[in-house]
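Here is a guided walk through a structure, one part at a time. Keep the 3D view open and follow along.

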2 protein chains.
Amino acid sequence: MQKTVEIALDDVSKLAFNILTHAGYGSAHAQSIAQMLYTCQLDDCQSHGLFRLLMCIETIRAGKIDGHIAPSISQAGKAIIKADARGGMSLLAMEQAVPLLVEKTREFGIAAVAVNHCFHFSALWPEVERLSAEGLAAMTMVPSHSWVAPAGGTRGTLGTNPMAFSWPRQGRDPFTFDFATSAFARGEIELYKRAGKPLPDGVAIDKDGNPTNDPDAALAGAMLTFGGYKGSALSVMIELLAGPLIDDMTSLESMEFAQGKSGAPYHGQILLAFDLEQFSGGQLARNEARAERLFADIIDQGARLPSQRRFAARARNLKRGFVEISSGLYDDLCALLP
Amino acid sequence: MQKTVEIALDDVSKLAFNILTHAGYGSAHAQSIAQMLYTCQLDDCQSHGLFRLLMCIETIRAGKIDGHIAPSISQAGKAIIKADARGGMSLLAMEQAVPLLVEKTREFGIAAVAVNHCFHFSALWPEVERLSAEGLAAMTMVPSHSWVAPAGGTRGTLGTNPMAFSWPRQGRDPFTFDFATSAFARGEIELYKRAGKPLPDGVAIDKDGNPTNDPDAALAGAMLTFGGYKGSALSVMIELLAGPLIDDMTSLESMEFAQGKSGAPYHGQILLAFDLEQFSGGQLARNEARAERLFADIIDQGARLPSQRRFAARARNLKRGFVEISSGLYDDLCALLP
């Protein structure tokens, strides 16, 4: 079993904040990043928790991101908020735009935030769950780097293009999902490589466009989308809505922009919010009951709603007052402290 | 080879209109349905063209639909239009709401139509393509009947829950997709049954929740979603956005409402529209170029954009001035004429 280190909840964001500010992030950015990492780590989301500090540090060391820049929030339409990150990390821009998004959604019934010119490394579910915590439904999408081939294709064009959605539930954890439209996450292929295991079928192609089960050949080739031509179509939609729609880069452009350097990709993000009160014509209670019956019918047959493992981890970690990370990661993080 | 009958383009909607009015639909509904069937038939979309007249007739004969009712169009929020079909077919309500949706989208940047209390039988792509023809991007979703099991489940809870999206392209056919979130359409399973062929893996489960390749067992059991747990999560999102969000039925409720009768399902529909001009901050040309580069990169590697077969059929049929349907269907339709 892997050795782990316990970190008290209060210390998670302090640790992240200290590492981030020491590496050159200003305190506003460091705070918003630390808050995101805490939120993910609290839910035992190891891939997007404190582990991502490594990518945040790599990104600022690569010299492209501005760790101090103040986002600029403006309106691009009555129900559209532009959150220009101006070359900084996405999170502070989103954080500053969300209160206005809530206001506009309550005013118009539906509204959107377009985050532009941002570096992006984070899970999407914390952002849609901030809106479902306000009683709104929310959907968000981002491109990434062009590692993923379209259905029937031979090379990377699309990003891993995740999409997240959250729906508020009275007195319960929301219905939330957050998934990449690639069949596998890039990191999963790395894990197969490290473990010396062959990939399952349908996950990747080699550099000549042929199906492969070899992690190395996959990393030199391209990943495939989940769900064949349907997942591929959905991924193209995400490129369009979180790219050209909002005057920002596709995954192809973002990959070029990076010029082979590692670190967080640079692109845009779209976030849509829906006011249940207005859409339902004021019939909230009746429709909450409808949604709850749907959820109950899923659970009753032994299926699971998405995110349940995460919610269980959250409850457990809140109760015991600490999270666990691998001691390897802990050592790497300590080396980044002043 | 199947025998076919040629029908002149001008005669397609006349034939449909005559059959519909003879069966009891008022002329406003008959016109909107005939227009939809023409649009689908023109693109050789056989499953949603004139063939669907049979379902329209079955629906009115079942005595549930009102063939004469006038939809009621109102606003549920500044950017939300309620199109109450009042127990009629969805199409007339949507047709009457779309001009207002275009107006509201241009005013607010993003807007939505909620169609309520409608019977629904049609393909979704013609509705999103009406908006992309206006230069807007559009997304629509509907529930259906609870024939589809959630990931990890043993029985039907979700509908086939299709989703369609269209993105306008200058001087070209739009980027459009329209797919069911079930792995197979219900009709496809019927086709396997008739052909005596086993279903592929991953398409259906039997009434005890076990995987099956037997079409009969599948029809008595449940279908599966495309793309495993991701497709399943997406399908639940569609239930929520096109059901409880808009004060309308889930697929479970719609199935109960039908009380085992065949014909078009009764539920709601959501349609979202996005103003490219406002979202892009007026940078339309630059972002059209971005989207075109993405499409070109997909095509250059030998992959296809969705809907290309349909667009090719449209061009051919417009040129030759007629469509072809099977002579079996033609005979069935003639029997429905006065």
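**A helix at the meeting of two chains**

The buried residues of H11(A) pack against elements of both chains. From chain A come strand S7 (163–167) and strand S8 (175–179). From chain B come helix H8 (228–241) and helix H9 (251–258). Keep in mind that this is a predicted model.

Look at H11(A) itself. Helix H11 of chain A runs over residues 284–300, which is 17 residues. At 1.5 Å a residue, these should span 24 Å. The end C-alpha atoms of H11(A) are 24 Å apart, so expectation and model agree.

Which residues of H11(A) are buried? They are A:Asn287, A:Arg290, A:Ala291, A:Leu294, A:Phe295 and A:Ile298. Viewed down the axis of H11(A), these buried residues fall within an arc of 130°, so they line one face of the helix. The other side of H11(A) carries exposed residues: A:Ala285, A:Arg286, A:Ala289, A:Ala296 and A:Asp300. After H11(A) comes A:Gly302, with a positive phi near 85°.

**The two chains together**

Now step back to the interface. In chain A, 63 residues are in contact with 63 residues of chain B. On the chain A side, the residues that touch chain B divide into 33 nonpolar, 17 polar and 13 charged.

How are the copies related? Two copies of a chain are related by a rotation about an axis and a shift along it.

**Chain A as a whole**

Chain A has 13 helices and twelve strands. The radius of gyration of chain A is 20 Å. The globule rule gives 20 Å for 338 residues, so chain A is as compact as a globular protein of that length. Along the principal axes, the C-alpha atoms of chain A fill a box of roughly 55 × 50 × 45 Å.

Of the 338 residues of chain A, 57% count as buried. Now take the contacts in chain A between residues at least 6 apart in sequence. Of these, 63% join residues at least 24 apart.

Turn next to helix H2 of chain A, residues 27–42. H2(A) has 16 residues and reaches 22 Å from its first C-alpha to its last. That is close to the 22 Å expected at 1.5 Å a residue.

H2(A) is mostly covered, with twelve of its 16 residues buried. Among them are A:His29, A:Ile33, A:Met36, A:Leu37, A:Tyr38 and A:Cys40. What covers the buried residues of H2(A)? The cover includes helix H1 (9–23), helix H3 (53–61), helix H4 (90–108), helix H5 (125–132) and helix H12 (308–320) of chain A. Strand S12 (322–326) of chain A is also included. Just after H2(A), A:Asp44 takes a positive phi of about 60°.

Most residues other than glycine have a negative phi.

Phi of B:His117 is positive, near 55°. B:His117 lies in strand S4 (residues 110–119) of chain B. Is B:His117 buried or exposed? With 21 other C-beta atoms within 10 Å, B:His117 is buried; the cut-off for that is 20 or more.

Phi of B:Asp247 is also positive, near 60°. B:Asp247 sits in the loop between H8 and H9 of chain B. B:Asp247 is buried too, with 22 other C-beta atoms within 10 Å.

**Near the end of chain A**

Finish with A:Leu337, in the segment after helix H13 (327–334) of chain A. Why does A:Leu337 count as exposed? A:Leu337 has 9 C-beta neighbours inside 10 Å, and a residue with 12 or fewer is exposed.

Leaving aside residues up to four places away in sequence, A:Leu337 touches A:Asn18, A:Ile19 and A:His22. The C-alpha atoms of A:Leu337 and A:Asn213 are separated by 40 Å. Those two residues are 124 residues apart along the chain.

Definitions and conventions
Residues are numbered from 1 along each chain as its sequence is written. Chains are lettered from A and ligands numbered from 1 in the order in which they are written. This is a predicted model: local features need pLDDT of at least 70, side-chain atom pairs count only at pLDDT 80 or more; totals for chains, interfaces and linings use all residues. Two residues are in contact if their C-beta atoms, placed from the backbone, lie within 7 Å. Ala, Val, Leu, Ile, Met, Phe, Trp, Tyr, Cys and Pro count as nonpolar, Asp, Glu, Lys and Arg as charged, and the others, Gly among them, as polar. Helices (H or I, at least four residues) and strands (E, at least two) are DSSP runs, numbered from the N terminus. The expected span of a helix is 1.5 Å times one less than its number of residues. The arc is that of the directions from the helix axis to the C-beta atoms. The radius of gyration is taken over C-alpha atoms; the globule rule is 2.2 Å times the number of residues to the power 0.38.
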